[in-house]
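Please consider the following note while the structure is open beside it. The points are numbered so that each may be checked in turn.

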Amino acid sequence: MLARSVTYALVGLEPRRVEVEAHLRTGETPAFSIVGLADRACQEAKHRVKSGVQSTLLEWPNRNITVNLAPAALRKEGPGFDLAIALTVLAASGQVPVERLAGHACFGELALDGRVRPVAGAIAVAEGAARGGVTAMLCAAASAPEAALAGVEAKPVRHLAEAVAYLRGETDISAAGPPEPHRPDPHGRPDLREVRGQERGRRALEVAAAGAHNLLLAGPPGTGKTMLARRLPSIMPPLTRDEALEVTRIHSVAGLLPPGSGLVTEPPFRSPHHGASAAAI
């Protein structure tokens, strides 16, 4: 018995399509193996998935189970494959309709009691699904508004049992809507109007912001370089939608996007330590 589902692996900031295949064999010693260049966190999905299925009061197939994450040459990292693996195993054992599962992307981590936990990078995975023609995505409830920003039908599931009931047609799950754009408090961020003096520095910031130029601030410590640079976003225009999606994707993959946040519409400011290496930056 064989079943397939679709999920996505993140390579840096880019989503790569991954097909999760589950094959059940009878007449052999029961076992559960995951192949396809999975890292330690992904290999440990065996324990999370089995406990989650059993905690949901579903039947765990007492057979030899092989799960393949294709393409095998692409390294798979993180726990975001848990939900896809669990649903594919259930589909291979006849507990979930194979055809209905094939029309959804799946992304989420499973707790031992079957709860679906959010995983960083949901918007990037949703963008990959949208580009690949997958219109619906099953993900953690906390990640659904973020995934909806990419234009897919993000189906929020809080527990594995909800996902199974939805795929069986026993219940319906309304797609989550995208949240309002994240707009920081204008009074809580550094503003260029607070600067007194520094005429040349202010003029350089204004020219760089107006013309979208690069800017190099050089000088001895304590002359106000970082102070001025922190205030550059206050005179820059809001990000375009494509820019906002890119910045939001970066924040999501890095785990810096608060749950339920919308698009990041303001240009962000990052201040690496002066001793940071090129690789760290």
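1. Leaving aside neighbours within four places in sequence, Val49 is in contact with Phe32, Trp60, Asp82, Ile85, Ala86 and Leu110; contact means heavy atoms within 4.5 Å. This is a predicted model, in which local features need pLDDT of at least 70 and side-chain atom pairs count only at pLDDT 80 or more, while totals for chains, interfaces and linings use all residues. Residues are numbered from 1 along each chain as its sequence is written, and side-chain values use heavy atoms, with hydrogens and water left out.

2. Val49 also belongs to the largest nonpolar core, which has 43 residues; Val49, Val67, Ile85 and Leu87 touch the most other members. A nonpolar core is a set of buried Ala, Val, Leu, Ile, Met, Phe, Trp, Tyr and Cys residues joined through side-chain atoms within 4.5 Å. Among the elements that give two or more residues to this core are β1 (2–11), β2 (14–25), α2 (45–55) and α3. The most comes from α3, with nine residues. A second, separate core of 18 residues includes Val119, Val125, Cys139 and Ala144.

3. Helices (H or I, at least four residues) and strands (E, at least two) are DSSP runs, numbered from the N terminus. Why is helix α3 (residues 82–92) largely enclosed by the rest of the structure? Eleven of its eleven residues are buried, so the helix is largely enclosed. Buried means under 20% relative accessible area, exposed over 50%, and partly exposed in between (1.4 Å probe, protein chains only). Just after α3, Gly94 takes a positive phi of about 85°.

4. Helix α5 (residues 122–131) and α10 pack at an angle of about 125°, with their axes 7 Å apart. Axes are lines fitted to C-alpha atoms, for helices over the stretch in contact, and angles run from 0 to 180 degrees between N-to-C directions. The angle makes α5 oblique to α10; angles under 35 degrees count as roughly parallel, over 145 as roughly antiparallel, 65 to 115 as roughly perpendicular and the rest as oblique. On the α5 side the contact is made by Ala122, Ile123, Ala124 and Glu127, and on the α10 side by Leu245, Thr248, Arg249, Ser252 and Val253.

5. Arg231 lies in the loop between α9 (225–230) and α10 (241–253). Arg231 is buried, with a relative accessible area of 14%. Not counting residues up to four places away in sequence, Arg231 touches Pro190, Asp191, Leu192, Glu194 and Val195. A polar atom of the Arg231 side chain lies 3.3 Å from the backbone oxygen of Asp191.

Notes: A polar contact is a pair of N or O atoms within 3.5 Å; within protein, one must be able to donate a hydrogen and the other to accept it, and residues adjacent in sequence count only if both atoms are side-chain atoms.
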